[in-house]
Protein chains: 2
Amino acid sequence: MSVTPRPPAELSTPYPVVDVDVLDRNVRAMAASAAARGLALRPHAKTHKCVQIARRQREAGAKGLTVATIGEAEVFAEAGFTDLFVAYPVWASPARARRLRALAEHASLRIGVDSPEGAVLLADAVRGADVELLVEIDSGHHRSGVRPESAGEVALAAARHGAQVGGVFTFPGHGYTPGRRDEAAADEATALEQAAAALTAVAIEARVRSGGSTPTAAVADPRGLTEMRPGVYVFNDAQQVELGGCGWPDVALTIAATVVSRSGSRVILDAGSKVLGADQPAWATGGGRLPDHPDARVTALSEHHATVVFPAGGPTPRLGEVVRVAPNHVCAAVNLADELVVVSGGREVDRWAVAARGANS
Amino acid sequence: MSVTPRPPAELSTPYPVVDVDVLDRNVRAMAASAAARGLALRPHAKTHKCVQIARRQREAGAKGLTVATIGEAEVFAEAGFTDLFVAYPVWASPARARRLRALAEHASLRIGVDSPEGAVLLADAVRGADVELLVEIDSGHHRSGVRPESAGEVALAAARHGAQVGGVFTFPGHGYTPGRRDEAAADEATALEQAAAALTAVAIEARVRSGGSTPTAAVADPRGLTEMRPGVYVFNDAQQVELGGCGWPDVALTIAATVVSRSGSRVILDAGSKVLGADQPAWATGGGRLPDHPDARVTALSEHHATVVFPAGGPTPRLGEVVRVAPNHVCAAVNLADELVVVSGGREVDRWAVAARGANS
């Protein structure tokens, strides 16, 4: 059972706390896991949006960063990161085209694409710049991405309009379902191999075959992938614990929250969806978890309230007590915060700005 | 069918757009509705977190503002609002006590309380300052708040420690369920009357009997209430439309989003949960709605993707097209944005800072 960090005297709950020792252990473990299988590691920075954490990932051997938006890329380029992958099917509107060209003066860019129309627009936007395109494919999550056998068509449209094509990528998001991790990782490897073959068939080399994700990272298959892009692993969260991928001691970010109201074994905390985020998959036990009270359940979240039910007859935190809440989905929680309170051994050691908070376009 | 505002050339989607003409109509209509029933209107500013909108509410006759946190109160006090109600059971930790005392030098404050312990702490924190306490009661939403018959006990604890007690308040949140609006409004009025009687029984006058909410506002009962605190009505959102409280022409805030991927009648927009918020009650049709495509359904949201399914055989937006998305819960969406693009007649006329964005503690 962890010691709840004492809130610094000038802070009012709710606020996010990062245990830097847990964070560093997570960063090293993923780097070692990727290296052991000969996979490049390109962590997804949308999780933390923090320059200090990206530097730690780079020092541990990350090849470059993945980001979700041009806005995130701008923040990390400004901070000196020169190898950035926008893993998203970017539609190069005039405003985005200008931003991409400006970015490419400071960093080597990879940009996602999943349609011939998008490829042509991107090719025009980045002509002559240090940018290569990666074709997004759908490996079973059914979000963006073309079918693997259609990747050649997109790559060819890009190449014929003068763009560099570096390979293919996918996000095996169906691994975010209990029991589907291994299936999703296998789908990912198969789909990337098929897509690479589709590029070969149009005489384009798929040098990069890039996959997800924190749930599937432990079983990502180096026969199908050349790199992986997990994000959540730096912090972990209630979802990762409930999926079975880690335990409470691996959760590096929690929200410090105060018990503001009590009624029997039901308490109200001052951390609601405006701090924890509202993500709640159908299989989750609730709106987050209390690592120091694993049997408690967050039965409802509103903007400034978490309703937490404790086991009847057991101990229940008293009014005014500060407890730790692990959000379901840490990426959402971080994007709601301006800074993270960094602790080591239960004492505050630093504050980190969430530099790319809100950089979602 | 509304005209989708053209994105200003320098903006990339996704971003929030406010139609100021719709907003002003909503502001005036709620003010007129409250005035017609002799109810004071104290709008909840957590919805918009915007100084410009709070000023419009004041000009239309709002008596003061409601906020959810001390942080929001600080922002609006700084902007010159001098009558603020923190409608939340504030636990006056040392840090919060200092902030409350500083705030009380700039504004008349009302603070919520729902326990004798919290009342004693607050009474000590604000002794001698221009602050009165309101006892929160549970009128059926079962979140914070004491039972109406217990309100006297809390009020007495506050009064005995020298605090001013102004009355009672509640949030009839169970009105956010299809078909329960009238029941929730009746519960609200009954509970406020019971709680007022409980205060009378301990010789404390419940001068203020304050209720919610946008869904129940149209039927808030002046026999039970003296004021109401709706928030969402300034913008409305997909939830309010699906609850039947308003129509699409009443929705003032939407997210401008680009079609970035297409597969048959399924499209992917670049507005995900980091822009729309992830709130999705069980009865909602999906993760938001497209006001200009009422038959389309947002079947999934991830951080940067909305999956939208259009009716088979009907028109589907083309790649690169900009569409409008109404978030399910506009309070969450606004808290994710740094500024709002303000339009009138489809043309940009202003930008408003979300001044209290992130001020959630």
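Author: A residue is called buried if 20 or more other C-beta atoms lie within 10 Å of its own. The model discussed here is predicted.

Reader: Which residues of H6(A) are buried?

Author: Helix H6 of chain A spans residues 151-160 and is mostly covered, with seven of its 10 residues buried. The buried residues of H6(A) are A:Ala151, A:Gly152, A:Val154, A:Ala155, A:Leu156, A:Ala157 and A:Ala158.

Reader: Against which elements of chain A do the buried residues of H6(A) pack?

Author: Both strands and helices of chain A take part in this packing. The strands are E5 (108-113), E6 (131-136) and E7 (164-169). The helices against which the buried residues of H6(A) pack are H5 (116-125) and H7 (181-201).

Reader: Which residue just after H6(A) takes a positive phi?

Author: The residue in question follows directly on H6(A). Its phi is about 90 degrees, and the residue is A:Gly162.

Reader: How do the residues of the contact of H6(B) with H7(B) divide into nonpolar, polar and charged?

Author: H6(B) contributes B:Ala151, B:Gly152 and B:Ala155, while H7(B) contributes B:Ala195, B:Ala198, B:Leu199 and B:Ala201. The division is six nonpolar, one polar and no charged.

Reader: What is the orientation of H5(B) to H6(B)?

Author: The axes of H5(B), residues 116-125, and H6(B) come within 8 Å and cross at roughly 25 degrees. Because angles under 35 degrees count as such, H5(B) is roughly parallel to H6(B).

Reader: Which residues of H6(B) does H5(B) meet, and in which hand of crossing?

Author: H5(B) passes H6(B) in a right-handed crossing. From H5(B), the residues are B:Pro116, B:Ala119, B:Val120, B:Leu122 and B:Ala123. The contact residues of both helices divide into eight nonpolar, no polar and one charged. Those of H6(B) are B:Glu153, B:Val154, B:Ala157 and B:Ala158.

Reader: Is B:Ala73 buried or exposed?

Author: B:Ala73 lies in helix H3 (residues 70-78) of chain B. Beyond four places in sequence, B:Ala73 touches B:Val67, B:Leu84, B:Val86 and B:Leu103. The C-alpha atoms of B:Ala73 and B:Leu84 are separated by 6.7 Å, although these residues are 11 apart along the chain. With 29 other C-beta atoms within 10 Å, B:Ala73 is buried.

Reader: What relation holds between chain A and chain B?

Author: A rotation of 180 degrees with 0.0 Å of shift along its axis superposes chain A on chain B, at an RMSD of 0.0 Å. That is the relation of a two-fold axis.

Reader: In chain A, which residue has the C-alpha nearest the axis?

Author: The C-alpha concerned is 2.6 Å from the axis. The residue is A:Ala278.

Reader: Through which surface do the copies meet?

Author: The contact takes 51 residues from chain A and 50 residues from chain B. On the side of chain A, the residues divide into 19 nonpolar, 20 polar and 12 charged. Of the interface residues of chain A, 98% are also interface residues in chain B, so the copies meet through the same surface.

Notes:
Residues are numbered from 1 along each chain as its sequence is written. Chains are lettered from A and ligands numbered from 1 in the order in which they are written. This is a predicted model: local features need pLDDT of at least 70, side-chain atom pairs count only at pLDDT 80 or more; totals for chains, interfaces and linings use all residues. A residue is buried if 20 or more other C-beta atoms lie within 10 Å of its own, exposed if 12 or fewer, and partly exposed in between; C-beta atoms are placed from the backbone. Helices (H or I, at least four residues) and strands (E, at least two) are DSSP runs, numbered from the N terminus. Two residues are in contact if their C-beta atoms, placed from the backbone, lie within 7 Å. Ala, Val, Leu, Ile, Met, Phe, Trp, Tyr, Cys and Pro count as nonpolar, Asp, Glu, Lys and Arg as charged, and the others, Gly among them, as polar. Copies are superposed by least squares on the C-alpha atoms of residues with pLDDT of at least 70 in both. Axes are lines fitted to C-alpha atoms, for helices over the stretch in contact, and angles run from 0 to 180 degrees between N-to-C directions. Angles under 35 degrees count as roughly parallel, over 145 as roughly antiparallel, 65 to 115 as roughly perpendicular and the rest as oblique. A crossing is left-handed if the near helix is turned anticlockwise from the far one by less than a right angle, and right-handed if clockwise.
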